[in-house]
Amino acid sequence: PFDVLIVGGGPAGAAAAIYAARKGIRTGIAAERFGGQVLDTLGIENFISVSHTEGPKMAAALEAHVRQYEVDIMNLQRAEKLVPAGDDGLIEVQLASGASLKSKTVVVATGARWRQMNVPGESEYRNKGVAYCPHCDGPLFKGKRVAVIGGGNSGVEAAIDLAGIVAHVTLIEFEAKLRADEILQRKLRSLPNVDVIVSAQTMEVTGDGQKVTGLVYKDRGTGERHTIALEGVFVQIGLLPNSEWLKGTVALSARGEVEVDAHGRTSVPGVFAAGDVTTVPYKQIVIAMGEGSKAALSAFDHLIRTSAP
Ligand code: FAD
């Protein structure tokens, strides 16, 4: 069995693996896709001390760094179930392949995925105008026109944030009114360069083959279609934690995020969690790495307190 088994191979999982392995304990990492969301990212400009890098390059560097240590890397492995420790003190992680792994501690780092609109043009123009993270990609649209899709708290926060950077923001909400907190809505409406369109269904992201040129929406009242000319579309209709496999065993928030305390401990003894899958706010690489490191140190602390010498 492992001392620490990490599930997930994104920034949080890679950091946890390195911190655990440096303690000289038996460390394994099982991931569906090593690299995680970083693989889907083009430019990264907010990873502190690296002014610019690219997603695939960072993902390769994450893996190379983990490989410098004695870590059992199990790529292309999907975890389907976690079984808390029984009398033998070992936590079991069952994989889709039918295999099962046992470990004294587990670090859950399965990340999250952005909910997509699933309209024509969205995936074609991903990273070519279609974006999901205002903290990451906002500055790329300096002086340009963008739309934000979604009028919940994250959409309205994104619109307020972007309004300070870009030339113009159009916020598009499917329902007849915004769902964001009143105080955010008031702030939004006070901004001169923001338009809000409600009861609008996004139908298509248009482009010239290279980049986004506009957005087509349908007025849900009249059924009429309208086109807005713009350079960017920020989709803010939800970030879904990859925690389905933990339902019923590990305490999750109403949004499905794994609840963790300041040490990265979950509700199950010996099970820790880090990164985008958790309740920790602000889903970013630098934060996921910090949390992953912390979870591994907490797992080590748990081991020295609970294991026989
Ligand atoms: P993830 O990166 O999501 O990794 C999760 C890992 O778990 C993956 O290996 C996945 O395959 C695996 N996994 C999932 N489910 C299972 C399962 N059941 N069994 C086994 N393995 C599983 N952040 C920035 O700081 N700067 C940026 O510029 C930036 N740009 C971004 C651009 C895009 C398009 C996207 C999508 C995100 C961007 N982010 C950016 C956010 C950043 O990528 C995430 O915050 C970060 O990757 C989270 O790390 P993580 O390790 O928690 O999760």
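This is a predicted model: local features need pLDDT of at least 70, side-chain atom pairs count only at pLDDT 80 or more; totals for chains, interfaces and linings use all residues.
Student: Good. Which residue takes a positive phi in the hairpin of β15 and β16?
Tutor: Glycine 223 does, with phi near 80 degrees; five residues lie between the two strands.

Student: And how many bridges join β15 to β16?
Tutor: Five bridges join β15, residues 212-219, to β16, residues 225-229, and the strands run antiparallel. Within this pair, glycine 214 stands opposite alanine 229 in β16.

Student: Moving on, how many residues lie between β7 and β8?
Tutor: Four residues separate them in a hairpin, and glycine 98 in the turn has a positive phi of about 100 degrees. The pairing of β7 with β8 (residues 100-108) is antiparallel, over four bridges, and glutamine 94 stands opposite serine 100 in β8.

Student: What about β6 and β7, parallel or antiparallel?
Tutor: Antiparallel: four bridges join β6 (residues 79-83) to β7 (residues 91-95). There, valine 83 stands opposite glutamate 92 in β7.

Student: Now the ligand. Which residues come nearest?
Tutor: Of the 38 residues around the ligand, Gly8, Gly10, Gly36, Gly111 and Gly275 come nearest. The elements giving two or more residues to this shell are α1 (11-21), β2 (27-31), β9 (112-114) and α6 (285-306).

Conventions:
Residues are numbered from 1 along each chain as its sequence is written. Two strands pair if DSSP finds at least two bridges between them. A residue is near a molecule or strand if its C-beta atom, placed from the backbone, lies within 6 Å of it.
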